[in-house]
Amino acid sequence: MRRILVTGANKGIGAAIAERILEEADDTFVFLGSRDADRGNAAAERLRQAAEDRTDRIQVVDIDVASDASVHESARKVGDLCEGEKLYAIVNNAGIGLGKEALSTVLNVNTRGVERVCRAFIPLLTDGGRIVNITSASGPNFVSTCSMERQSFFKNSAVTWDEIDALMEECVALEGDAKAFETHGLGDGSPYGLSKACTNALTLHLAREFPEFVVNACTPGFIATDLTRAFEIESGRTPEELGMKSPREGANTPIFLLFGRPEGSGHFYGSDAQRSPLDRYREPGSPPYTGE
Ligand SMILES: NC(=O)c1ccc[n+]([C@@H]2O[C@H](COP(=O)([O-])OP(=O)(O)OC[C@H]3O[C@@H](n4cnc5c(N)ncnc54)[C@H](OP(=O)(O)O)[C@@H]3O)[C@@H](O)[C@H]2O)c1
């Protein structure tokens, strides 16, 4: 069995990734991560009802990626359930940050949460296993507004977790002062874009630290989910009019990074499953990025 953990899989893109994993092959098994047991069980039930062959290939796992205790406990439970077998992959999908959340809150889920899950679950991951970080085009968009020095930081494949941690602390200290972010070469300090740029940098770090795994990040595209609902409400337009795609389409690149043949490790992919740069937006359908 190829056992795969998906965090934040009770709805949206995470639920679609879980469903596509189960459809991909009958040797797949999903640990469906949810921070709320009822929402996780409801999502698992929907998936089980959609096809009979899935009944025994889903296990709900309570996991709040913002909490050390929750992540450790869920890793312990998953380890027990694996009975000595290994995980094939970890999909870090849980995310927040398009509302009015504090920067520290957004970073604690979108960046520290990914690091926390990797630290706890990597001992369970098989050699050659995959780590897929769902970041966003907001990461490269954010980096493009930074000073050249900061851009170099976000693209540096030798970056360490301590350096990413220090940058996040620096940014939290500047919170609420847009001018200070600009002066420090950190664009507008947008919490969401900043967190996703940091998680792309974390992807570089993980790829270097763990050459035995295939570690990549991607944007799912602009997808109609609860995260982006405010765009619909504020604009009074439909997801189609806004150019949004479905969660199922948002799962395309994550599924490619899980089961396809991505080019190496430590890269960022666009929603068209092509490599994209870390410091500027690449339009899906345009030539793939070929740099380091
Ligand atoms: N939608 C887009 O256009 C878009 C574009 C680029 C990137 N993304 C990224 O795609 C990922 C999925 O987003 P989505 O659009 O599917 O959003 P969504 O529908 O709001 O789903 C987010 C998921 O993350 C979970 N989550 C939030 N905080 C968590 C925590 N502390 N611990 C565990 N789970 C947590 C949520 O659980 P609850 O139900 O309990 O809240 C939910 O399952 C995110 O990383 C997002 O940044 C989305």
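**Entry 1, ground rules.** I number residues from 1 along each chain as its sequence is written. As the model is predicted, I take local features only at pLDDT of at least 70 and side-chain atom pairs only at pLDDT 80 or more, while totals for chains, interfaces and linings use all residues. Helices (H or I, at least four residues) and strands (E, at least two) are DSSP runs, numbered from the N terminus.

**Entry 2, strand 1.** I looked up burial first. I call a residue buried if 20 or more other C-beta atoms lie within 10 Å of its own, exposed if 12 or fewer, and partly exposed in between, with C-beta atoms placed from the backbone. Strand 1 (residues 2-6) has four of its five residues buried, so the rest of the structure largely encloses it.

Next I checked its partners; two strands pair if DSSP finds at least two bridges between them. Strand 1 pairs with strand 2 (residues 28-34) in the parallel sense over five bridges, and R2 has T28 as its bridge partner there. Between these strands the chain passes through helix 1 (residues 12-24), and this β-α-β crossover is right-handed (with the strands pointing away from the viewer, the path from the first strand over the helix to the second runs clockwise). Strand 1 also runs parallel to strand 4 (residues 87-92), joined by three bridges; I found L5 bridged to I90 in strand 4.

F31 sits in strand 2. I count F31 as buried because it has 25 C-beta neighbours inside 10 Å. For contacts I use C-beta atoms, placed from the backbone, within 7 Å. Leaving aside neighbours within four places in sequence, F31 is in contact with R3, I4, L5, Q59, V61 and V78. Under the exclusion of residues up to four places away, V30 touches I4, V6, A18, I21, L22, R57 and I58.

V30 came up again in the largest nonpolar core, where it is listed with I4, L5, A18, L32 and I90 as having the most contacts inside a set of 78 residues. Such a core is a set of buried Ala, Val, Leu, Ile, Met, Phe, Trp, Tyr and Cys residues joined through C-beta atoms within 7 Å. Helix 10 (residues 191-209) gives the most to this core, with nine residues.

Helix 3 (residues 68-82) has 15 residues and reaches 21 Å from first C-alpha to last, close to the 21 Å expected (1.5 Å times one less than its number of residues). Its buried residues are V71, S74, A75 and V78. They cover an arc of only 105° around the axis, so they lie on the same side of helix 3; the arc is that of the directions from the helix axis to the C-beta atoms. I found A69, R76 and D80 exposed on the other side. The cover over the buried residues includes strand 1, strand 2, strand 3 (58-62) and helix 5 (112-121).

Helix 5 itself has nine of its 10 residues buried, so it too is largely enclosed by the rest of the structure.

E83 is not a glycine, yet its phi is positive at about 45°. I placed E83 in the loop between helix 3 and strand 4, and I count E83 as exposed because it has 6 C-beta neighbours inside 10 Å. A273, also other than glycine, has a positive phi near 60°. A273 lies in the loop between strand 7 (267-269) and strand 8 (275-276) and is partly exposed, with 17 other C-beta atoms within 10 Å.

How values were computed. Contact = placed C-beta atoms within 7 Å.
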